[in-house]
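Here are some notes for a colleague who is opening this entry for the first time.

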There are 2 protein chains.
Amino acid sequence: MATEGRTGPGLRDRFRAQVRQEVKTAALRQLAEGGPEALSLNAIAKQVGMTGPALYRYFANRDGLLTELVIDAYGDLASALAQAAGDAAADGGARLTSVVQAYRDWALAEPHRYRLLFRAPLQGYDAQATSLVEAAQPAMNVVLNVVSHLATPRAPEVAGSGSQFRNWMERRGVEDVSEAVAARTTMLWAHLHGLVSLEIEGNFTSMGIDPTPLYEAEVRDMVHPR
Amino acid sequence: MATEGRTGPGLRDRFRAQVRQEVKTAALRQLAEGGPEALSLNAIAKQVGMTGPALYRYFANRDGLLTELVIDAYGDLASALAQAAGDAAADGGARLTSVVQAYRDWALAEPHRYRLLFRAPLQGYDAQATSLVEAAQPAMNVVLNVVSHLATPRAPEVAGSGSQFRNWMERRGVEDVSEAVAARTTMLWAHLHGLVSLEIEGNFTSMGIDPTPLYEAEVRDMVHPR
DNA sequence: AGCTTCAGTTATATCCTCTCACAAACACGC
DNA sequence: GCGTGTTTGTGAGAGGATATAACTGAAGCT
C-alpha cells in the first residue's frame, strides 16, 4: 500500500490524457461558433459522450478548462512564430517579415483563440494571471530574438527606456539583448496586437481597407527606423 | 383624435427615460466589478428596485442593454477626445499629445468600458455590428481631424494606400483629409489600441515597465515621422 | 369619467455551473 | 485469481441566470 513501485507512464493516465484532449477539442469547436460565452460544459460533455458532472473529474471548473485552452493557444502561437522565424533566410528583415506574417496569419486563422489569449485573463480570474503571463513568454521570446538580430544598431527611440527593461529581461534570463531591442520589441508587440485586434473584429473590413500595407509599414518602420 | 397637437416630450416618456438611465448606471457599476460576465439582469433590477422581468420593458434583452452601453461608451470617449483636442493650443503636436493622453486616460479610468468597446461586438451579435461601427465614428473623426492638422506634409508611409482610403472617407463625409492622413490615422488608432489593451490588462505592469515613454514615442513618430 | 395603455409582479420554462452520494469498472498486490 | 481501493461516471439537486406568459394595478389621454 505505502511504497509501491510506479509502473511508469501509467495505463490509466493515458486514457485520462486522451479524454482531456477530446474535451479540449470539443471546447475549441464550440468556441469557434459562438465565442467564449457559448462554451457550455454540458454541451461539451454531451459531444464527448458523457454527462455534465463527469467533466469535473478532468477539469476543476469552467475557468480551469478555459485557462488550459489559453495556455495551449499560447504554445501554439509560439511554435507558429518559431517556425516562421526558422523558415526564412538569415536576413534579419526577411525573418521579421515572416514572423509578423505568421502572427497575423495565426490570429486570422483562429480568431476565437486569439481573442481568448487577450480576453480570458480579464474575465474574472486574475488569480492565474501569473501562470498565464508565463505562458505568453515563449511567443514573446521569439519576437525578441528576431528583433535583436536585426542589422539595425539603432538608438532607442523610447526615451528613458534605459533601465526599466533591465529587470524584466533579467527575470526571463535573456541577457544578450540590449534594452533598446527590448523596447522596440515591446512596441512591435503592441502595434501588432492593435492591428490584429482591429482586423479580426472586422474594423478594417467595415472601413473597406485592406490592412496588408499596414503590416508592411510596421515591418518597414522596424527594420528601417527613423 | 387624428391631428392632435403634440404636448411635447411626453410625461410618461420622461419617466421611462430616467428609469433606463438608472438601469444603465447600475449596469455600469456592476460591470466595473466583475466584468461583462458578472452583469446580471436580476441583480441590476434589484439594485434599481424592481424584479427581474420588469427590465424587459426597457431593454429587449441582455445584449440590447450591453449594446446601448457600448454606444454610450463610444460617445463618452468621443467627447473626451474632442475636449482634449479643443483644450490644447493651436500647435498640432501639442493637440495630438493631448488627444493621445486623453485616449489613454479614458481607457485607464474605466477599463471595463474600454474592454466593452472592443469586446462586445464579437460576442455573438453581428447584427448590430453596423450600428456599433457607426457609433465608433465620432471618436475616430476627432483623431482624424487632429492628425490632418499636423504640420507634417509627409509622404504616405503605407504603400499602395492611395485609393483604398478614398471611399471610406467619402462615406463618412470627410473630404478635406488626404489619403495619407487617413492611413496615418488608422495606424495611430491601431497602435494606441494595442498599447492601451496591453496596459489595461496589466501586461506592462507584469513586465515591470512604465508604458508612458511608449505613448510618447508613438506621438513622436507621428508628429516627426521617418 | 372611462377607456386604454403601460409598468411591474408572480409563476414558470429552460438553460447554466457545480456538489453530492452512489454504483460500476478497472488496476494492482497478494 | 481474488479481494481491495482508487478512479470514473451517473443521477439527483441546489442555486442562479435569461427570458416568456399571464395577470394586476395604476397611471395617462381624450
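1. A residue is near a strand if one of its heavy atoms lies within 4 Å of it. In this predicted model, 18 residues surround DNA strand D, and the closest are Thr51(A), Arg57(A), Tyr58(A), Leu41(B) and Arg62(B). Of the atoms of DNA strand D that come within 4 Å of the protein, sugar and phosphate account for 63%.

2. The surface near DNA strand D is made up of 9 nonpolar, 4 polar and 5 charged residues. At least two residues of this surface come from each of α1 (11–32) of chain A, α1 (11–32) of chain B and α2 (41–48) of chain B.

3. Which part of DNA strand D does the side chain of Arg57(A) approach? An N or O atom of that side chain is 2.3 Å from a base oxygen. Phosphate oxygens of DNA strand D are approached from chain B: a backbone N or O atom of Leu41(B) lies 2.5 Å from one, and a polar side-chain atom of Tyr56(B) lies 3.1 Å from one.

4. In chain B, helix α3 (residues 62–87) packs with helix α4 (residues 92–109) at an angle of about 150°, and their axes are 8 Å apart. Angles over 145 degrees count as roughly antiparallel, so α3(B) and α4(B) are roughly antiparallel to each other. The crossing of α3(B) past α4(B) is right-handed.

5. On the α3(B) side, the residues that meet α4(B) include Leu77(B), Ala80(B) and Leu81(B). Among those in α4(B) are Val99(B), Tyr103(B) and Trp106(B). By class, this contact has 10 nonpolar, 1 polar and 2 charged residues.

Key. Residues numbered from 1 in each chain as written. Chains lettered and ligands numbered in written order. Predicted model: local features only at pLDDT ≥ 70, side-chain atom pairs only at ≥ 80, totals over all residues. Heavy atoms only, no water. Axes fitted to C-alpha atoms, helices over the stretch in contact; angles between N-to-C directions. Helix = DSSP H or I, 4+ residues; strand = E, 2+ residues; numbered from the N terminus. Parallel < 35°, antiparallel > 145°, perpendicular 65-115°, else oblique. Left-handed = near helix turned anticlockwise from the far one by under 90°. Contact = heavy atoms within 4.5 Å. Nonpolar A, V, L, I, M, F, W, Y, C, P; charged D, E, K, R; others polar. Polar contact = N/O pair within 3.5 Å; in protein donor to acceptor, adjacent residues only side chain to side chain.
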